[in-house]
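Q: I'd like to learn how to read a model like this one, feature by feature. Could you walk me through it?

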Amino acid sequence: MPLTPYSGPIIDSHLHLFDPRRPQGIPWPEPGNALYAAHLPADYWALAGEHNVIGAIAVEASPWRDDNRWLLETLRSDPRMLGFVGNLDPLHGDFAADLEALAKEPLFLGLRYGNLWDRDLLEDQTRPGFIDGLRRLAKCGRGLDSANPNPRLIKGLLHLSDALPELRIIVDHLPNASVPAGEESAYHADLMRLAERPNVFAKLAEIPQVGPQGLILDPAFYNDRLAVLWEAFGEDRCFYGSDWPNSDHLASFATTLDLVKACMAGKPEDVQGKFFLHNAVRIYSPTPPHGGQSCRPEPFA
């Protein structure tokens, strides 16, 4: 049977927006980085629009609290921008108030927390108030994206899922997990346990990799790693993200998208449609607050 790459509409569930021209600057990328330039919705659509990308979700690339509002306002003017995953620290004193304010915004889809910005999910969730903060996030009907997968992060997500099975967890960049030699077996076992939880999802951004000759374009190179994730999470819990503009250090938007399509081309058309379009909508759709309650902090007794 000939392979048929996907040609339908796409939702890109993972891109970053920033503008170093702002008076306050940006915390990342830093001057000297090739990405240190404005990357705004118009820049993204100039690349993605011709590839049948019909919607996109931004993921905050800054630890600054105020940048949640900057990103929100940046998205408002473009209806193709479907929402954003923000950054709030459950250990911050203003977390509850900030979350309550953002939860009123339909474009706010959740938070990101992991091995990023000097954070450690496994350790931080043992600190007073952290689990309560993420319980409030789940109560608001929003989910948690993780960052920079490695064995310690996967273990942290396992513990978090045990503590908050109601929390929707999205594991970002899984195909590109950093697993030190000697830790492969334990990492794989924890990942398989995590995949057993129906409220945990795999965002397959950062699929493309570079070899000695540059970007590896042979889909067969990626088969084994993707097959493990696909078998573990299934066709209803895996979905697509480009990681633009980080992906620019590998190749053009078109080249990396074509490679991902080639990796998925052996799957039935309806399954490819789930991966590139439908799953992102379902997974990121805010749900009503649990029990009809608001996200407002509970008053002290």
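Predicted model: local features only at pLDDT ≥ 70, side-chain atom pairs only at ≥ 80, totals over all residues.

Q: How should I read the protein chain as a whole?
A: Begin with the inventory: the protein chain has ten helices and ten strands. Then look at its extent. A compact globule of 301 residues would have a radius of gyration near 19 Å, and the protein chain has 19 Å, so the two agree. Along the principal axes, the C-alpha atoms fill a box of roughly 65 × 45 × 35 Å.

Q: How much of the protein chain is buried?
A: Of its 301 residues, 54% count as buried. The protein chain exposes about 13500 Å², and carbon and sulfur atoms supply 54% of that area.

Q: What do the contacts say about sequence separation?
A: Take the contacts in the protein chain with a separation of 6 or more: residues 24 or more positions apart account for 78% of them.

Q: Now to charges. What is the general idea behind a salt bridge?
A: Side chains of opposite charge can pair when their charged atoms come close. The cut-off here is a side-chain nitrogen of Lys or Arg within 4 Å of a carboxyl oxygen of Asp or Glu. By this rule the count comes to 20 salt bridges.

Q: Which residue does Glu105 meet in a salt bridge?
A: Its partner is Arg69, with an N to O distance of 3.4 Å. Glu105 sits in the loop between helix H3 (95–102) and strand S4 (108–112), while Arg69 belongs to helix H2 (residues 67–76), so the pair ties together parts that are 36 residues apart in sequence. Glu105 is buried, with a relative accessible area of 14%, whereas Arg69 is partly exposed at 34%. The two also belong to a network of salt bridges that links Arg69, Glu73, Arg76 and Glu105.

Q: Which residue forms a salt bridge with Arg112?
A: That is Asp172, with the closest N and O atoms 3.3 Å apart. This pair links distant parts of the chain, since Arg112 lies in strand S4 and Asp172 in strand S6 (residues 169–172), 60 residues apart. Arg112 and Asp172 are both buried.

Q: And where in the chain are Asp145 and Lys203?
A: Asp145 and Lys203 form a salt bridge, their closest N and O atoms being 3.0 Å apart. Asp145 is in strand S5 (residues 143–145) and Lys203 in strand S7 (residues 200–204), which puts them 58 residues apart. Both residues are buried.

Q: Let's turn to the backbone. What should I expect there?
A: Most residues other than glycine have a negative phi, and most peptide bonds are trans. With that in mind, look at the exceptions.

Q: Is the peptide bond from Trp28 to Pro29 cis or trans?
A: That bond is cis, with omega near -5°. Pro29 lies in the loop between strand S1 (10–15) and helix H1 (41–48). The bond from Trp244 to Pro245 is cis too, with omega near 0°, and Pro245 lies in the loop between strand S10 (238–240) and helix H9 (253–264).

Q: Is Asp118 buried or exposed?
A: Asp118 counts as exposed, at 85% relative accessibility. Its phi is positive, near 60°, although the residue is not a glycine, and it is placed in the loop between S4 and H4.

Q: What is the phi of Glu206?
A: Glu206 has a positive phi of about 60°. This residue is in the loop between S7 and strand S8 (210–211), and it is partly exposed, with a relative accessible area of 24%.

Notes
Residues numbered from 1 in each chain as written. Heavy atoms only, no water. Helix = DSSP H or I, 4+ residues; strand = E, 2+ residues; numbered from the N terminus. Buried < 20%, exposed > 50% of the residue type's maximum accessible area, 1.4 Å probe, protein only. Rg over C-alpha atoms; globule rule 2.2 N^0.38 Å. Contact = heavy atoms within 4.5 Å. Areas by Shrake-Rupley, 256 points an atom, 1.4 Å probe, with all protein chains shown as cover.
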